[in-house]
Amino acid sequence: MNETLNVEKKIVERLKISDNIHIITHKSPDPDTLGSALALYHALHSLGKQVKIIHDINFSSKYEFLFKDYSDPNFEGKLFVSVDVATPDLLPANSPEVDICIDHHINNKIEAELKLVRPEASATGEIIYDLITMLGININKNIANCLYAAIATDTGCFRQANTTANSHTIASKLMNIPGMDYLMITRKFFGFESLKDFKLKKLFFANAEFFHNKKLVTSTITGEMLKKLELGSEQIDNGLYSELIKIEGVCVSAVLRETDDFVKVSFRTNEQYNANEIAGIWNNGGGHKRAGGCIMKCSIEDAKQSIVNVLAGILL
Ligand SMILES: [Mn+2]
């Protein structure tokens with residue numbers, strides 16, 4: 001714990017003396033990486049620093065509100081900070097070397113001079129909250145919205161096993177910031193579904209298959225399904241990946257999503273199994289205790305067969 005505090009202090013000092021800062025988010029960005037980056041942007045900006053966020057241009061239109069009051073500046077970066085990026089392959093193409101890595105993935109493999117990885121944090125947004133507080137910066141409504149979105153989505157609206165008392169404490173402090181709009185955020189992510197979302201969900205449930213005494217359930221999202229619904233992969237509702245683990249008796253769920261180059265697998269586990277370890281069996285796999293993922297370079301059918309075969313030896 002002291003070691004963590006030590007690194008946090010070093011990061012705060014480094015941020016204070018730095019300028020021309022680039023904040024790096026992960027590929028296929030989610031609200032945790034974007035919300036953490038934008039919150040840090042506003043905080044450092046309020047100290048008069050030049051800050052730029054490096055991000056994929058393809059992301060759900062639901063995330064656009066996070067960019068409120070952000071204007072994309074153009075300058076050469078001198079300090080590079082990654083947020084919520086677990087592995088080098090999730091960094092943007094031609095990414096510079098990372099100076100400061102801030103993350104909550106237990107299997108973090110980013111090389112950086114200052115590395116702050118706190119797996120007990122439900123979201124990177126929790127860590128950013130602490131750093132902003134240590135910097136002595138007043139949290140305004142933009143920062144509050146960004147951090148609340150990061151924490152609410154990474155905890156599945158405070159329902160998943162990674163939710164802690166601290167997640168609630170921070171959320172409560174953010175909710176008290178005048179002008180922040182938690183209802184807009186929860187409605188956007190948890191209380192709304194487009195017609196396309198609904199149609200995809202129908203197909204997704206129809207594709208569910210059970211194996212090994214119904215302890216394993218899989219489903220697939222194929223390129224053809226997305227094409228038929230005219231959905232971009234960035235528009236898939238993240239909640240879909242956590243639907244199958246809710247089913248009675250299921251210990252491991254695997255959702256396979258086809259892309260042009262590979263199959264992305266998202267695992268969820270019950271309390272008996274570790275999703276980070278299961279996903280780690282395959283290339284570059286990892287994640288958290290109850291949620292993990294990996295990439296397989298084969299057909300979606302072969303990927304499913306590989307999962308069924310490997311889990312036969314695990315789900316005893
Ligand atoms: Mn995260």
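Hi everyone, let me open with a question: is isoleucine 54 buried, partly exposed or exposed? Isoleucine 54 is partly exposed, because 17 other C-beta atoms lie within 10 Å. For the cut-offs, 20 or more other C-beta atoms within 10 Å of a residue's own means buried, 12 or fewer means exposed, and in between is partly exposed, with C-beta atoms placed from the backbone.

Before going on, a word on what we are looking at. This is a predicted model, where local features need pLDDT of at least 70 and side-chain atom pairs count only at pLDDT 80 or more, while totals for chains, interfaces and linings use all residues. Residues are numbered from 1 along each chain as its sequence is written.

Back to isoleucine 54, which sits in strand S2 (residues 51-54). Helices (H or I, at least four residues) and strands (E, at least two) are DSSP runs, numbered from the N terminus. Leaving out residues up to four places away in sequence, isoleucine 54 touches His22, Ile23, Ile24, Thr25 and Pro92; contact here means C-beta atoms, placed from the backbone, within 7 Å. Its C-alpha atom is 9.3 Å from that of serine 82, 28 residues apart along the chain.

Now the overall layout. The domain assignment, which is automatic or from a database, gives domain 1 (2-190) and domain 2 (199-312). Their C-alpha centres lie 27 Å apart. Domain 1 puts 16 residues into the contact and domain 2 puts in 13. On the domain 1 side, we have four nonpolar, 10 polar and two charged residues. Here Ala, Val, Leu, Ile, Met, Phe, Trp, Tyr, Cys and Pro count as nonpolar, Asp, Glu, Lys and Arg as charged, and the others, Gly among them, as polar.

What about the cores? The largest nonpolar core has 55 residues, and those with the most contacts inside it are Ile23, Ala39, Leu40, Ile128, Leu147 and Tyr148. By core I mean a set of buried Ala, Val, Leu, Ile, Met, Phe, Trp, Tyr and Cys residues joined through C-beta atoms within 7 Å. Helix H4 (residues 141-154) supplies the largest share of this core, nine residues. A second, separate core has 28 residues, including Val217, Leu244, Ala254 and Val265. Beyond its neighbours within four places in sequence, leucine 40 is in contact with Ile23, Val83 and Ile128.

Leucine 40 also turns up in a helix pair: Asp32, Thr33, Gly35, Ser36, Ala39, Leu40 and Ala43 in H2 meet Thr124, Gly125, Ile128 and Ile132 in H3. Those residues divide into five nonpolar, five polar and one charged.

Over to glutamate 258, in strand S8 (residues 252-258). Glutamate 258 is partly exposed, since 19 other C-beta atoms lie within 10 Å. Setting aside residues up to four places away in sequence, glutamate 258 touches Ile221, Thr222, Gly223, Val263 and Ile300.

Asparagine 20, at about 55°, lies in the loop between helix H1 (2-17) and strand S1 (21-24). Asparagine 20 is partly exposed, with 14 other C-beta atoms within 10 Å. Glutamate 230, at about 50°, is in the loop between helix H8 (223-228) and S8. Glutamate 230 counts as exposed, because it has 8 C-beta neighbours inside 10 Å.

Methods
Two residues are in contact if their C-beta atoms, placed from the backbone, lie within 7 Å.
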